[in-house]
Amino acid sequence: MDINKIPSPCYVMEEKLLRKNLSLIKYVKEQAQVNIILAFKAFAMWKSFPIIREYIPNSTASSIFEAQLAFEEMKSPAHTYSPSYSDSNFPIFLKYSSHITFNSLSQFERFYPQVIADGNKVSCGLRINPEYSVVDTDLYNPSMPGSRFGVLTENIGSELPKGIEGLHCHNLCESTSYDLEETLKHIENKFGQFLPLVKWLNLGGGHLMTKKGYDIEHLISLLKSFKKKYPNLEIILEPGSAFAWETGFLISTVTDVVENNGIKTAMLDVSFACHMPDCLEMPYKPRIRGAYHEPVAGKPTYRMGGNSCLSGDFMGEWSFDEPLLIGDKIIFEDMIHYTTVKTTMFNGVSHPAIALWSNKDELIIYKEFGYEDFKNRMS
Ligand SMILES: Cc1ncc(COP(=O)(O)O)c(C=O)c1O
């Protein structure tokens, strides 16, 4: 790859890495005889959807924009789940969805008449909360006590309301097949009486099957034996991260180096707050290509400073073999899933361009951002 051809800053996804993930996901889908769909919340770079559709034709939506994007660019209606629907947006969800999952019984009761009036074209589901999660960070834990997501077993009573055809459970995040195994036990324990009565079970996202070391064959055998137990169920997984996991990077440039009390900060033309928000939220320290992940005594060592005015818009430290100079490129690894969908234009800071490095070794710029994009986002 010729780094010099790429504008700075720019998110660059590599087609061969994307296809590698897609092949693996399709393999699991076929072997386990389940449906696997793409969760847009983690990845919605729609100009690459023709590549995705070669392997996986369906997607999820949580907002009306995602639902419309599914319909227009994935060319298939969305599997929709939104924490709550409103009178104004529900008809739009209806138009663009094949499945709609409700977060509460009150939402189902309020909107089901519209589903009937629409000819019962969408299949309705209910989000269940298994009150079990392996996610340590509360910000990413849908099953923490007091969570606003999903109904508890005691909310339902002995019968599912008429019209509910599926159950939806999302409680994992970057998790293993063994975490899913535990989740299935909790679902059976709390909601087992309903499993033979519904048509589908959506097991949400968080299945990081493309991460090195994930036990793919265990996932397949787990899903197969669950399906054997409940042959009535279409099992659906809706991972997001797994699709775009380690498929690309964010390239940036050093614009200055400042020093304060012995701490050196490399100022960049990107921002953690605007372009890599998960780093600050989670928090996690991203890998930088060619840098030592932890400071090494005696080597040039820097914080990386973002170009917004937020005082906390920095991370670090990393060490390098040579001192950093203005114009040096800093490549943050694994910056495609979530990062590209969560950017903001806080402070009027411009977005990185979005590009594909194709299998023909060509740089295809999908999109560059300008003043109009900033202006149009604001009103
Ligand atoms: C309901 C639902 N489905 C799917 C996902 C995708 O999860 P992941 O990207 O971790 O696979 C999420 C993530 O928050 C979610 O809330």
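A: Let's start at the ligand. Around it are 13 residues, and those that come nearest are Gly206, Glu238, Gly240, Ser241 and Tyr338; a residue is near if one of its heavy atoms lies within 4 Å of the molecule. Please keep in mind that this is a predicted model, where local features need pLDDT of at least 70 and side-chain atom pairs count only at pLDDT 80 or more, while totals for chains, interfaces and linings use all residues. Residues are numbered from 1 along each chain as its sequence is written, and side-chain values use heavy atoms, with hydrogens and water left out.

What kinds of residues make up the shell around the ligand? It divides into four nonpolar, six polar and three charged residues. Here Ala, Val, Leu, Ile, Met, Phe, Trp, Tyr, Cys and Pro count as nonpolar, Asp, Glu, Lys and Arg as charged, and the others, Gly among them, as polar.

Now look at the atoms themselves. A polar side-chain atom of tyrosine 338 lies 2.7 Å from an oxygen atom of the ligand. The backbone takes part in this picture too: a polar backbone atom of glycine 240 is 2.8 Å from a ligand oxygen, and one of serine 241 is 2.9 Å from a ligand oxygen. Taken alone, the ligand exposes 390 Å², and the protein buries 87% of that (areas by the Shrake-Rupley method with a 1.4 Å probe).

Next, the surroundings. The largest nonpolar core has 96 residues, and Met209, Met304 and Phe332 have the most contacts inside it. Helix H8, residues 216-229, gives the most to this core, with six residues; helices are DSSP runs (H or I) of at least four residues, strands (E) of at least two, numbered from the N terminus. Apart from it lies another core of nine residues, including Val12 and Ile331. A nonpolar core is a set of buried Ala, Val, Leu, Ile, Met, Phe, Trp, Tyr and Cys residues joined through side-chain atoms within 4.5 Å. Buried means under 20% relative accessible area, exposed over 50%, and partly exposed in between (1.4 Å probe, protein chains only).

For contrast, follow the chain to asparagine 261, in the loop between strand E11 (248-260) and strand E12 (263-268). Asparagine 261 is exposed, with a relative accessible area of 77%.

Finally, the cysteines: the whole structure has zero disulfides, a disulfide being a pair of cysteine sulfur atoms within 2.5 Å. Cysteine 274 is buried, at 0% relative accessibility, but its sulfur is 9.6 Å from the closest cysteine sulfur, in cysteine 309, so they are too far apart for a bond.

How values were computed. Polar contact = N/O pair within 3.5 Å; in protein donor to acceptor, adjacent residues only side chain to side chain.
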